[in-house]
Structure formats: structure tokens, C-alpha cells
Amino acid sequence: MRICKYNFKIMILSILILIIAFILLIIAVIQFFNIIFRGYAPLFSTNKVFIKKILEEIDKNQNYNIYELGCGFAKFLIMAEKTLPNSKYVGIEYSFLPYMLTKIKLKLIKSKIKIVCENFLKTNLQDAHIIYCYLIPDVMEKLSQKLKNECSNTLIVSYRFSIPNIKLDKTINFGNNKFYFYKI
Ligand SMILES: C[S@@+](CC[C@H](N)C(=O)[O-])C[C@H]1O[C@@H](n2cnc3c(N)ncnc32)[C@H](O)[C@@H]1O
């Protein structure tokens with residue numbers, strides 16, 4: 001009887017491991033497809049220590065509409081919500097799996113962050129006060145044009161890659177890591 005229970009536990013554990021491996025494989029294949037064929041930024045996350053430093057730059061006496069373009073697991077928004085609970089948050093993520101996993105996470109932590117599964121180049125950013133992004137240089141040209149067309153009184157923070165044709169306000173360096181700040 002005991003051996004039977006033991007075998008059952010091992011079977012359940014093996015199934016769980018297989019499911020997790022399968023999900024990770026799907027994420028890897030989708031990421032590979034997005035990076036190679038769509039020119040998307042890979043799913044690397046911004047370090048929490050850096051996010052904390054960026055949030056220190058924001059005036060805490062106001063409420064904002066804050067967007068994270070290509071939010072992945074929405075780390076920036078989740079940390080920002082803890083600091084500025086009365087602001088409104090929107091994360092835009094094109095890849096379905098990170099989007100779905102983040103949506104579930106946000107439900108579990110009872111967050112008010114809204115997450116949308118779409119290409120951020122199609123998102124209306126007119127009401128954005130603060131925009132955070134960590135992308136790749138290829139998309140910056142198109143993003144630059146969009147920001148200039150839609151945004152005003154907006155603070156834009158880009159990790160690692162500068163945004164062309166927008167006047168740089170300042171940069172912040174953490175070792176080899178650079179954050180570009182713009183005000184449109
Ligand atoms: C380098 S990761 C950054 C993730 C997150 N912002 C962070 O800093 O931790 C870039 C993310 O942007 C997403 N992405 C890239 N281009 C996109 C687009 N045009 N529309 C929506 N999401 C996009 C990718 O799927 C990826 O999850």
C-alpha cells in the first residue's frame with residue numbers, strides 16, 4: 001500500500017516536472033521566433049536594484065499614468081505600485097506566455113496593474129505621464145516617432161538603449177548599465 005502511494009507521488013511529481021519543462025520549451029520557442037523573425041527584444045528583466053534607483057528619481061507627491069512598454073513580467077510596474085499605490089499602471093506585452101504568467105501573478109498579489117497583450121507600437125500613449133522601457137535599438141526609431149506624436153509632459157526612461165531624435169534630459173549609470181531619461 002505504502003509503495004503504491006510512493007509511486008503515485010513520484011508519478012504526480014514527474015507529470016508536474018514535464019508540464020513545467022513543456023511550458024519553458026514553449027516560452028523558449030516563442031522568444032526565439034520573436035527575436036529572430038520579429039526583431040523583438042529578448043525577455044531579459046531589469047534588475048530590482050536598478051528599478052529602485054529609478055523610482056527614487058520620481059516625485060512621490062503626485063499620481064501618474066505609468067506605462068511599461070514590453071513589460072515582460074512587469075517588474076518595474078509591480079515595484080512602482082508599491083511606491084506609488086494611487087497611480088495607474090499599464091503594462092504592454094506582446095508575447096503571450098509572459099503576458100499570461102504576469103496576469104496570473106498580478107491577480108495573486110491583488111495588484112491593480114492592467115496588462116494588455118498587444119504590440120506597444122499600436123497602443124495609445126497620449127495619457128502617459130511616465131513610460132519605462134527596456135527594448136532593443138531596432139525598435140527605437142519607430143518608438144521615437146510615436147512618442148513625439150502622442151506624448152506631452154511625459155517622462156520616458158529607457159534602460160540600456162537611447163531613443164534617437166528626442167532631446168536627452170539626463171543619464172544615470174550603474175556600472176556598465178545606463179538609464180536614459182527624456183522629457184517630452
Ligand atoms: C528586455 S525585455 C524587458 C522586460 C521588462 N520590461 C523588464 O525590464 O524587466 C523586453 C520585453 O519587451 C517585449 N516586447 C518587445 N517588443 C514588443 C512590442 N513591440 N510590443 C509588445 N511587447 C514587446 C518582449 O516580448 C519582452 O518581454
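Which residues touch the most other members of the largest nonpolar core?

Hi everyone. What you see above is a predicted model, where local features need pLDDT of at least 70, side-chain atom pairs count only at pLDDT 80 or more, and totals for chains, interfaces and linings use all residues. Residues are numbered from 1 along each chain as its sequence is written.

Let's start with the overall picture. The C-alpha trace spans about 70 × 40 × 35 Å along its principal axes. Five helices and seven strands make up the secondary structure, and from the N terminus the order is α-α-β-α-β-α-β-β-α-β-β-β. Those elements are DSSP runs numbered from the N terminus, with helices (H or I) of at least four residues and strands (E) of at least two. The domain assignment gives domain 1 as 1-38 and domain 2 as 48-183, with bounds from an automatic or database assignment. Taken over C-alpha atoms, the centres of domain 1 and domain 2 are 31 Å apart.

Of the 184 residues, 29% count as buried. Buried here is 20 or more other C-beta atoms within 10 Å of a residue's own, exposed is 12 or fewer, and partly exposed is in between, with C-beta atoms placed from the backbone.

Now back to my opening question. The largest nonpolar core has 38 residues, and Tyr 67, Ala 74, Leu 77, Ile 113, Ile 131 and Ile 156 touch the most other members. A core of this kind is a set of buried Ala, Val, Leu, Ile, Met, Phe, Trp, Tyr and Cys residues joined through C-beta atoms within 7 Å.

Beyond its neighbours within four places in sequence, Leu 77 contacts Ile 66, Glu 68, Cys 71, Tyr 89, Gly 91 and Ile 113, where a contact is two C-beta atoms, placed from the backbone, within 7 Å.

Ile 66 stands opposite Tyr 89 in E2. Why is E2 largely enclosed by the rest of the structure? Because four of its five residues are buried.

On to the ligand. It is surrounded by 25 residues, with Ser 45, Thr 46, Gly 70, Gly 72 and Tyr 94 the closest; the cut-off is a C-beta atom, placed from the backbone, within 6 Å.

Finally, a look at the loop between strand E5 (155-159) and strand E6 (168-174), where Arg 160 lies. Most residues other than glycine have a negative phi. Arg 160, though not a glycine, has a positive phi of about 75°, and Arg 160 counts as partly exposed because 17 other C-beta atoms lie within 10 Å. Asn 165 lies in the loop between E5 and E6 too, with a positive phi of about 65°. With 10 other C-beta atoms within 10 Å, Asn 165 is exposed.

Leaving aside neighbours within four places, Met 140 contacts Leu 135, Phe 161, Ile 163 and Pro 164. Thanks, everyone!

Notes: Two strands pair if DSSP finds at least two bridges between them.
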